[in-house]
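Work through the exercises below with the sequence and the coordinates side by side, and try each task before reading its solution.

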Amino acid sequence: MSEPILRTTELTKHFGGLAAVNQVSLDFYAGQVHALLGPNGAGKSTFINLLSGDLKPSGGEVSLAGCAIEGLSPEKISRMGVGRTYQKTNIFPAFTVFENARLAAQSRRPHAFHLFRHALACGDTLELAEKVLAMGELTHRRNDMAAILSHGEQRQLEIAMALATEPQVLLLDEPLAGMGATESAAMVRLLKKLAEDHAILLVEHDMDAVFAVADVVTVMVNGTVLESGSPGAIRASAAVQEAYLGAEEDE
Ligand code: ADP
Ligand code: MG
């Protein structure tokens with residue numbers, strides 16, 4: 001297999017005495033959806049925050065295309081090609097879908113952000129905004145206020161906005177949360193399409209969606225990797241059944 005685009009080596013985060021992420025070594029490849037599963041409190045969101053720079057690691061390494069990025073600011077990591085969505089929405093409801101995309105496209109350039117309402121937008125920014133809307137399958141909604149989008153469409157817009165930095169890696173924390181079957185199916189389709197030319201790290205509780213879309217599945221428990229492998233291998237794993245999948249079914 002080719003080189004991973006993103007690699008963690010013994011990545012660790014302590015909160016006081018708690019090792020929320022404990023010596024996690026994983027590789028992420030372009031063209032793959034890598035799903036991260038695990039019970040609440042397993043350390044999945046903390047792991048994403050370490051990759052995006054929102055948290056500083058206590059130990060270990062993160063390399064992006066061979067460059068060490070651990071400890072860099074979120075802005076810098078974002079500009080280097082790691083995009084993410086947040087569980088708390090960053091959409092501006094009173095702006096149109098296109099204006100939200102344009103804002104994201106402009107904000108990738110330092111110092112342009114606060115000027116966005118006044119500056120005559122440059123051609124390449126407008127072009128990029130159109131491109132990310134198309135990638136997020138929202139072109140037909142471009143002139144609608146973001147506030148009137150469905151929950152699923154708002155999640156799509158967040159992903160489109162994350163694409164404005166033209167990332168190689170996309171970190172998605174529970175993108176299907178709160179979605180019905182139709183919205184989930186649309187999001188799964190979108191993730192499959194984006195995975196053609198991105199490495200996607202997907203934290204998600206919806207097992208059907210995970211097994212429909214993932215190329216690799218890693219199960220975390222108590223901050224450590226319990227098992228990592230193909231969806232088939234993970235489904236069949238006795239250790240995973242016992243620690244996680246079995247427990248889910250009991251809920
Ligand atoms: P997951 O996303 O898998 O549900 P988290 O990464 O959110 O798990 O949390 C992992 C563990 O770290 C939990 O025990 C959580 O309470 C703890 N934790 C997460 N963030 C913080 C924080 N900022 N300060 C202290 N403890 C935290
Ligand atoms: Mg979480």
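Predicted model: local features only at pLDDT ≥ 70, side-chain atom pairs only at ≥ 80, totals over all residues.

Residues are numbered from 1 along each chain as its sequence is written, and chains are lettered from A, with ligands numbered from 1, in the order in which they are written.

**Exercise 1.** Determine the strand order of the open sheet of six strands, and find its edges.

Solution. Begin with the strands, which like the helices are DSSP runs numbered from the N terminus (helices H or I, at least four residues; strands E, at least two), and count two strands as paired if DSSP finds at least two bridges between them. The order is then β6-β7-β8-β3-β9-β10, with mixed pairing. Next, β6 (82-84) and β10 (224-229) each have a single partner strand, so one side of each is left without a neighbour in the sheet. Within the sheet, β3 (residues 33-37) and β9 (residues 216-221) pair in the parallel sense over four bridges, and A35 stands opposite V217 in β9.

**Exercise 2.** Describe the open sheet of four strands and the helix that packs on it.

Solution. The order is β2-β1-β4-β5, and the pairing is antiparallel. Strands β2 (18-28) and β5 (67-68) stand at the edges, each with one side left without a neighbour in the sheet because each has a single partner strand. Strand β4 (residues 59-64) pairs with β5 over two bridges, L64 having C67 as its bridge partner. Helix α1 (residues 44-52) touches β1 (6-15), β2 and β4, where contact means C-beta atoms, placed from the backbone, within 7 Å. Its direction makes about 65° with that of β2, the axes being lines fitted to C-alpha atoms (for helices over the stretch in contact) and the angles running from 0 to 180 degrees between N-to-C directions.

**Exercise 3.** Which helix supplies the largest share of the side of domain 1 that touches domain 2?

Solution. An automatic or database domain assignment gives the bounds, dividing the chain into domain 1 (1-81 + 167-251) and domain 2 (90-166). Eleven residues of domain 1 are in contact with eleven residues of domain 2. Of the side belonging to domain 1, the largest share, four residues, comes from α6. Helix α6 (residues 181-195) also lies across β3, β7 (169-173) and β8 (199-203), running at about 150° to β8.

**Exercise 4.** Identify the contacts of L191 beyond its neighbours within four places in sequence.

Solution. With those neighbours set aside, L191 is in contact with V33, I200, L202 and V213.

Notes: Contact = placed C-beta atoms within 7 Å.
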